[in-house]
Amino acid sequence: MLNKVLIALGKSISKTSQLLNRGNGSTWPGHVALTGNKNFIKQILAKSKTKVIIVAGTNGKTTTASLIRTGLEKNGFSVLQNDSGANLLNGIASTILLNVNAAGKLKQEYAILEVDEGTLPLILKQITPDYLVLLNLFRDQLDRYGELNTIVNKWLETVETLSERTTLVLNANDPQIAYLGLKRKNTKYFGLETIKGTKDHPQHAADSILCLRCNKRLTFSEVYFSHIGNWHCENCLLKRPAIDVSIFPESSLKGTYNKFNLLAATLVLRELKLTEGQIGKSLEEFKPAFGRQETINYKGKSVQIFLTKNPTSFNQSYVTIKDLRAKVLLVVLNDRVPDGHDVSWIWDVDLPELEKFKHILVAGDRVYDMALRFKYDNYQDVEAFEKLDEAIEAGIKYIDEEETLYILPTYSAMLETRKILTGKKIL
Amino acid sequence: MKNISHFSSLNFHLRIGWMFPQIMSTYGDRGNIIVLQRRCEWRGIEVETLRITEHTSDKEIASVDLLFGGGAQDREQEVAMEHLMSKKQPIKKLIENDVPALFVCGSPQLMGNYFEPTKGRKIEGLGIFDIYSKSPEPDEQRLIGNLVAEIIVENIKTKPYVIDPSPLLVGFENHGGRTYIQSNAKPLAKVIKGNGNNGKDGTEGVVYKNALGTYLHGPLLPKNPGLADWLIAKALEVKYKKKINLEPLDDTLEEKAKTAIARRLGVQV
């Protein structure tokens, strides 16, 4: 009975907030529901037949969740997915609340929930997922999450108490993710098989370089990016586990990091009994989620946005646009709550071959910090703009019709950029 | 950027020592090395960086003209301390010989008398700074955010080292530990906005001889070019045994980045 009242209340809050045009009210109804009943999520899910897939990790959550959703929907299943802006407890409660029917049950066959890495332990107290997909852990927003090791320790504790029923889907190439499944039966690994087999070094921004079992430095025979690679410990002989899925379907998604998102999604879809043909066909038309390699036509010119949140995603975006022969680059660095207040990480990124750019522009709350980053890599002609719209206009003028303006924004900067490019507000 | 010819002709050469970069580099600490290198190169001073590891010999460490240390994560701090202890003598000798040094983020804690990684555990530090660091009390928060402080060490503020002496120090702090200065060391700066060494006594950082420590983490020097130049000038002075006047550089962007943060925190510049 209590839940019915909370659902009615939550739905009316959502409607009112939409009418007042205050975003889509994506987290308020959940806040109200959890205040009224802290076991709201647990109870609704217990009543529903919906299978739950949780996706967590520093980078790639939204893309992986969207890939799984696309694979399932194209093959005739009904799916519920939360917005990337609603990946904390309130947001997930809201997503569930707004989708229940009159009987207080979810009607979808699958719920795919992307969950913030700090919130995961709390969520797993409420939800026992059928699949828990853990993608990677990189340094990100230390001011909000604390040190990376704090998160690794919390995840270790959480996984130890996880039901055997949950299938753990892990990245074999991230040492601290792979370690989570070593003592557990119901675990599947995705990853890339090594081609090189020589000694290799993690990138400067790499994190997981000490063995979780014995605290000695790990050795890599191949590094794909950051600390993601074929690793082993020469001291205690711990090594990358055997990989269950290392082949993924063709896709328009660019960059090594997306190979891992595709691998994770492929593994889950295979577990859900889709055939290779079904998976390949459904994912080939996959359209990126907003702001993630999304291309927007603006004033007759092409603009592509690569959401860039931390050193690893910056490095990967940078390598990808270099492969696309980018000539004009705009980096937008904000330091608001969703971006993290600390912008120190820009000094952990690697910027090879800057001289190949015709123009580099910077904007955002921390425009001068970003300008200094380029200046000190000897790109003296970096152009700094205090206003984002002026930076975009300048960037557009610099490109020819067949060229693309590449924009690397942090999260809140991505929302602002899209607003300017599409003329509308999202979220 | 122009190369200043009369400078290159002097054939100045500096070797920067970077302590254990593989584990003591939590968040953009490398920015300091990049800034020191460029500000030397742009003036025609030859510069190289020695990455100090557990395999570096004492003799190589003794050849360092300017020492830098970044922060380690908690799990890595004890491993870092083991490495540091194995190089205690050559590192202390550098500092006693007036070689300038900069320790940012958590590394000043490792350079003190002792620190507590967790409540009740005490680990001996290198004993360079007369300070000790305690882990926070259960009711105490991590100290996180932008910080503006005023440098109060006269020798850093005055010419000839700093071309445009700006006494403001601007950066980002993120630490659980609380550091207290004892009699044989002095604070580097007085907090204007932010928390500083312990959130209580209004001090930030520590100075002993030409070694500076600060909780400000990551890229301290990009926004504090005056401090970078002080370190470079001091390193040259100690190495070549004469006063050095550094050629000025165009620091317009650096000043804009610095004043943007100071103004945001309500500090008039």
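Here is a short walk through some salt bridges in this predicted model.

Before you click, note that residues count from 1 along each chain as its sequence is written, while chains are lettered from A and ligands numbered from 1 in the order in which they are written. Local features need pLDDT of at least 70, side-chain atom pairs count only at pLDDT 80 or more, totals for chains, interfaces and linings use all residues, and side-chain values use heavy atoms, with hydrogens and water left out.

A salt bridge here is a side-chain nitrogen of Lys or Arg within 4 Å of a carboxyl oxygen of Asp or Glu. The whole structure has 39 of them over all chains.

**Stop one.** Select K74(A) and E285(A): their closest N and O atoms sit 3.3 Å apart. K74(A) is in helix α4 (residues 61-74), E285(A) in the loop between α11 (276-284) and β9 (292-298), 211 residues apart. Helices (H or I, at least four residues) and strands (E, at least two) are DSSP runs, numbered from the N terminus. K74(A) is partly exposed at 47% relative accessibility, and E285(A) is too, at 42%. (Buried is under 20% relative accessible area, exposed over 50%, partly exposed in between, with a 1.4 Å probe and protein chains only.)

**Stop two.** Now pick E276(A) and R270(A), a salt bridge at 3.9 Å, N to O. E276(A) is exposed at 63%; R270(A) is partly exposed at 33%.

**Stop three.** Go to K299(A) and E393(A), with closest N and O atoms 3.1 Å apart. K299(A) lies in the loop between β9 and β10 (301-306) and E393(A) in helix α14 (residues 388-398), so this pair ties together parts 94 residues apart in sequence.

**Last stop.** Select K375(A), R39(B), R43(B), D229(B), D251(B) and E254(B): salt bridges with shared partners join them into one network.
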